[in-house]
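Reader: Before we start, please show me the sequence and the model.

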Amino acid sequence: MTGALALAIHAQVENTQRAQEAKEAEGGIQKWKKEKEEKEKEEEEAAAEVWVGEEALRKARAEGPVESKLELHPLLNRWALWFFKNDRSRAWQDNLHLVIKFDTVEDFWAMYNNIQLASKLSSGCDYALFKDGIEPMWEDSRNRRGGRWLVSLAKQQRHSELDHLWLETLLCLIGESFEEHSREVCGAVINIRTKGDKIAVWTRETENQEGVLRIGRVYKERLGLSTKTIIGYQAHADTAAKSNSLAKNKFVV
C-alpha cells in the first residue's frame, strides 16, 4: 500500500469516526432534549396535580371535613342520676343508689337511652336527677330550706304522658331553662306509685318567692299543662311533718 493510499484510508476512517461522533453527539443532544421535554412535562403535570390538590383542600376546608371527631357539648352543671327501690327490710338511705354522673349533652342521651323508662319501673321506685354534690333527700343541707313544685298524675297517664313529662323535666334541668333562677334548682324526682305517679322539681330556698314562682311558671309552660291545671309548691319542712306527704301548698301557678 502506497503512502498516499494509506493517508487516504486514514483520512476516510477519521472522517467516518467524526461523522459517527457527530451523529452520536446529535443523538445525545436529541435524547437530552427529549428527556428535558419529558421532565418539563412531568413537572408541569406535577404542578397541576398540586394545584388541584390545593383547590380540593380549600374546598374541603370551606365545606368542612367529611368525617370529624365527635365534638362534645358541655353542660353548665354536672348531674347525678339516682335510683330508689323500696325495700322495707332496709333503711331508706340503703335503698338509694347512685347510677351515673354526666356533664355533657352526649353523655346525658347515652344515659337516658340506656336506662329503663320511668313508666316501666315497678311501683315504689324513684328516679332522681340532682346537681352533683346534692343528694335527693330532705336532710341534705342544700335541700333543707327548700321545697318542690309537684305534678300529680292519674294512673291512666302513666302510659300516655309520664315519660314525656319526665323527659321534659330533665331537659329543663340540664338545659338551665329557668335562666338566672336555675341556680335555685337542686334537682327533680319522679315517684312511681300504685295510686298515681308524681314528678317534682326541687329548689333550695323556699323564701325566695320570686325565684320559686318564676321556676313554677316556666316549668308549667314547658310541660304544656293547660291554664286550668294547677300545680303547687310545698316546703320540704311541711312535707316532712306530714305522714301522708300531702303538705299545704305554699305557692300555686
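Predicted model: local features only at pLDDT ≥ 70, side-chain atom pairs only at ≥ 80, totals over all residues.

Author: Residues are numbered from 1 along each chain as its sequence is written, and side-chain values use heavy atoms, with hydrogens and water left out.

Reader: How many disulfides are there?

Author: A disulfide is a pair of cysteine sulfur atoms within 2.5 Å. The count here is zero.

Reader: Is Cys-186 buried or exposed?

Author: Buried means under 20% relative accessible area, exposed over 50%, and partly exposed in between (1.4 Å probe, protein chains only). Cys-186 is buried, at 2%, and Cys-172 is buried at 0%. In strand S5 (residues 185-191), seven of seven residues are buried.

Reader: Which strands pair with S5?

Author: Strands (E, at least two residues) and helices (H or I, at least four) are DSSP runs, numbered from the N terminus; two strands pair if DSSP finds at least two bridges between them. S5 pairs antiparallel with strand S3 (residues 125-131) over five bridges, and Ile-190 is the bridge partner of Tyr-127. Six bridges join S5 to the antiparallel strand S6 (residues 198-203); Ala-188 stands opposite Val-201.

Reader: What is the strand order of the sheet?

Author: The eight strands of this open, antiparallel sheet run S2-S1-S3-S5-S6-S4-S7-S8. S2 (96-104) and S8 (251-252) are the edge strands, each pairing on one side only.

Reader: Which strands does helix H4 touch?

Author: Contact means heavy atoms within 4.5 Å. H4 (residues 209-223) packs on the sheet, touching S4, S5, S6, S7 and S8.

Conventions: Axes fitted to C-alpha atoms, helices over the stretch in contact; angles between N-to-C directions.
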